[in-house]
Amino acid sequence: MTDLLITGGTVADGTGAAPRRADVAVAGGRVEAVGDLAGRPAARTLDASGHVVAPGFVDVHTHSDLTLLSEPRAHSAVRQGVTTVVVGNCGLGVTPVAADRAALRAAAGYLDLDPAVRWDWSDLPGYLAALGAARPSVNVAALVAHIPLRAAAAGFGDRPAGAAELDRMRGLLDDALAAGAAGVSTGLVYAPACYAREDELETLGRAAAARGRLFAWHVRDYADGLLDSVRQALRVAASTGCRTQISHLVAVGRRNHGSVARALELIDGARAAGVDVAFDIYPYLAGNAPLSQLLPAWAQEGGEGPMRERLGDRAVRARVAAEWRDMPHSWDDITVSRVPGGSGDVTGRTVAGIARETGTDPREVALDLTAAYGNGVQMVAGGRSERDLLDALTHPAAVIGSDGQALDPDGPTGRGVPHPRSYGCYPRLFAEYVRWPGGLGLAEAVRKCTSAPAERAGLTGRGVLRPGAAADIAVFDPARIADRATFTAPQQYPDGIRAVLVGGRPVVEDGAHGGARPGEILRIP
């Protein structure tokens with residue numbers, strides 16, 4: 001017998017096909033049938049009249065590597081319709097642990113929101129086993145991150161990787177790909193990945209290409225050097241043949257507004273030449289990152305410990321401050337969103353505002369925070385262009401990725417003033433960029449959130465509603481779906497989400513999490 005029959009809804013099946021009135025039958029964790037199923041016997045029926053029935057959203061760009069171990073119910077993700085997440089993005093990751101464990105954990109401070117989470121693994125199989133034992137509410141696939149790969153092979157220093165070190169990286173990566181990783185990611189603003197030369201990136205790309213996996217790029221510069229950085233990613237993609245994903249394609253700083261359109265021209269040219277490249281984007285005009293990302297690469301050398309010690313040297317601070325004089329954004333655009341251990345006196349305030357109140361140079365404020373707390377200090381950085389965002393969102397190669405984390409507002413991962421994308425990315429897309437005249441069509445928006453990112457990540461049988469596909473389903477009211485999370489009050493769940501099913505089991509109904517944790521750990525064969 002059918003386990004669940006969803007009746008009366010408008011099915012947007014994830015392929016981009018026109019939405020249609022149809023029922024959806026679910027049995028054994030799979031979609032059993034889609035169509036006119038009136039009279040079909042079922043153990044349970046869900047009336048979806050007036051609602052869209054879509055595949056659950058596939059968030060191809062998350063940083064939930066450790067937050068899912070802190071709170072596997074994945075509250076802020078699944079309550080907005082996300083049923084599958086990809087972790088290990090931007091070169092920030094937790095495996096392999098072949099370098100100094102404490103140094104690697106410090107390098108991943110942006111991910112590490114709950115000190116109680118233990119790192120008991122040494123490789124990808126061990127990490128995936130830990131995730132499986134936690135029984136998350138969402139499905140999880142993993143990229144292999146460049147930072148732990150480089151740390152394992154070449155340490156945290158600023159130097160080219162030698163032939164033996166490149167071979168070590170390639171071997172570690174291939175082991176993880178063989179164990180089911182969806183691909184590899186780099187983050188070329190974070191130490192020690194920022195010290196990688198192009199031959200090292202080509203080594204990663206060739207390993208990914210050999211197994212048909214994804215290479216995701218946080219490129220070297222999203223500000224004045226955006227176009228050169230995109231060109232580098234496209235060169236590596238063309239020379240290695242790897243499937244390439246450029247992460248969060250944005251232009252930072254008002255003087256760079258309009259650069260996204262030119263970056264898209266480069267991407268179009270590469271795609272026309274046969275390069276398999278796409279990108280992800282989220283519907284906000286501000287980003288979120290470690291405050292230490294603003295430091296020049298030389299100041300980050302050696303890992304977090306040496307970086308913090310270095311920032312106690314007045315000559316070093318003067319040199320960094322001098323390099324910051326021509327920053328592409330203002331310190332009024334930079335808000336401190338989280339500090340390890342609390343520090344509520346600065347959280348939620350701009351660096352410029354803190355400096356004005358204390359009579360200090362904002363550069364000194366930023367240096368003091370980074371010296372005291374290292375990579376764990378998070379910032380929300382604004383100053384982006386609505387035109388750039390629209391150009392990216394509407395491009396055919398764009399997919400939606402939150403760049404957020406699965407957070408629990410009542411637990412350690414929900415502290416501070418996190419970026420609202422972790423709570424409202426997908427509802428915001430439909431509320432702000434689908435409902436308005438001339439925006440994305442419903443079918444195309446659903447495709448960008450479901451089958452398109454699933455295909456980029458190599459997740460077969462996900463992101464579509466068709467017989468045999470996984471029954472990961474989001475049911476939402478197209479007139480009511482909206483984000484409620486704001487930059488000043490982000491810990492708020494969205495409106496308009498009727499139900500979210502993972503593997504055919506209801507996880508969220510009428511906005512409430514029922515406690516089910518049916519997520520699968522997805523390994524790419």
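Predicted model: local features only at pLDDT ≥ 70, side-chain atom pairs only at ≥ 80, totals over all residues.
Local features here need pLDDT of at least 70, side-chain atom pairs count only at pLDDT 80 or more, and totals for chains, interfaces and linings use all residues. Residues are numbered from 1 along each chain as its sequence is written, and side-chain values use heavy atoms, with hydrogens and water left out.

Let's start with the sheet. Its eight strands run in the order β6-β7-β8-β9-β10-β11-β12-β16, with parallel pairing (strands are DSSP runs of E, at least two residues, and helices are runs of H or I, at least four, numbered from the N terminus; two strands pair if DSSP finds at least two bridges between them). β6 (57–59) and β16 (398–400) stand at the edges with a single partner strand each, so one side of each has no neighbour in the sheet. From one strand to the next, the twist averages 30 degrees (angles run from 0 to 180 degrees between N-to-C directions, with axes fitted to C-alpha atoms, for helices over the stretch in contact).

Look next at β8 (residues 139–145) and β9 (residues 183–187), which pair in the parallel sense over three bridges. Here L143 stands opposite G183 in β9. Helix α15 (residues 421–433) packs on the sheet, touching β6, β7 (82–87) and β16 (contact means heavy atoms within 4.5 Å).

Finally, find helices α8 (residues 226–240) and α9 (residues 259–272), which pack at about 20 degrees with their axes 10 Å apart. That angle makes α8 roughly parallel to α9 (under 35 degrees counts as roughly parallel, over 145 as roughly antiparallel, 65 to 115 as roughly perpendicular and the rest as oblique). Among the residues meeting there are L226 and L234 in α8 and V260 and L266 in α9.
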